[in-house]
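Colleague: I am new to this model. Could you take me closely through one part of it, in a single connected account?

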Amino acid sequence: MALENENTQDHQDICASGFIGAALACLSPLAIGSIYLLFLPILSVGFLLYAFVRIALNRRPMRGARVACWGFYFALICLAASIANPLAYNHFLKKSGARFAAQWCELATEGRMMEALQLEKPSLQRARGAGIVKRYTQDKDDSQNYQAFCDSTPVKTILAEFIHADYRFVRCESVTKMKRARSYRMVFEFSKGEGVMKKSRYFAVQIMSSYIKASKRYEWRFQRVELIPAD
């Protein structure tokens with residue numbers, strides 16, 4: 001009887017799909033770092049589900065059942081993490097962008113338009129103190145850029161009606177994805193006064209997160225501001 005059991009174990013069928021699925025599960029953590037490798041945990045789950053069907057339909061126990069079980073759970077964890085990772089990244093990037101756009105709003109409502117404009121420059125190129133005035137008064141290109149900026153309807157509206165006004169983030173209206181860059185259109189409400197004397201307007205602040213070679217990192221920069229027409 002003992003010999004018969006030993007022979008039975010020696011001649012157990014091997015579930016190849018279970019071992020293949022488990023091997024793919026071992027590679028599945030790579031998908032957490034790159035969405036393009038998401039197929040690894042998906043393939044692993046597919047192979048292992050097929051393995052479970054084969055094991056269930058086979059009359060005798062098959063080698064690889066335990067490996068397939070552990071691989072299945074591991075592949076599911078990696079699959080969930082691979083999907084959650086970009087979602088979390090996009091969420092925190094959007095929050096970071098809203099804070100940067102709010103910085104522009106703060107400078108604008110304080111009338112510090114030179115500082116607000118130079119947010120369009122990477123941080124390593126931004127002037128400080130008297131250097132800001134020098135940049136936008138003595139440099140021809142920057143001076144013309146600043147004049148055009150102040151002559152725009154949105155900036156004129158802020159300077160005329162919303163100095164020392166309150167502002168609040170309303171929504172992220174759109175996201176444009178490019179190579180090594182993302183552009184966000186953030187909508188803010190500017191308001192001043194109370195009750196029947198309260199006036200408010202909506203402004204869309206366009207910002208971009210782009211890779212800066214000088215600093216070797218991604219940085220926020222201001223692109224433009226638009227005044228949203230009142231309904």
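Modeller: Helix 2 crosses helix 5 in a left-handed manner (the near helix is turned anticlockwise from the far one by less than a right angle; helices are DSSP runs of H or I with at least four residues, numbered from the N terminus). The model is predicted, so local features need pLDDT of at least 70 and side-chain atom pairs pLDDT 80 or more, while totals for chains, interfaces and linings use all residues. Residues are numbered from 1 along each chain as its sequence is written, and side-chain values use heavy atoms, without hydrogens or water.

Helix 2 (residues 16-27) packs on helix 5 (residues 65-109) at about 35°, with 8 Å between the axes (lines fitted to C-alpha atoms over the stretch in contact, with angles from 0 to 180 degrees between N-to-C directions). In contact (heavy atoms within 4.5 Å) are Gly 18, Phe 19, Ala 22, Ala 25 and Cys 26 of helix 2 with Val 67, Ala 68, Gly 71, Phe 74 and Ala 75 of helix 5.

Helix 4 (residues 39-57) also packs on helix 5: their axes come within 9 Å and cross at roughly 150°. Helix 4 is therefore roughly antiparallel to helix 5 (over 145 degrees), and this crossing too is left-handed.

Leu 38 lies in the loop between helix 3 (30-33) and helix 4. Leu 38 counts as buried because its relative accessibility is 18% (buried means under 20% relative accessible area, with a 1.4 Å probe and protein chains only). Among the residues that Leu 38 touches are Leu 79 and Ile 83; the C-alpha atoms of Leu 38 and Leu 79 are separated by 7.2 Å.

Methods. Helix = DSSP H or I, 4+ residues; strand = E, 2+ residues; numbered from the N terminus. Parallel < 35°, antiparallel > 145°, perpendicular 65-115°, else oblique. Buried < 20%, exposed > 50% of the residue type's maximum accessible area, 1.4 Å probe, protein only. Lists of a residue's contacts leave out its neighbours within four places in sequence.
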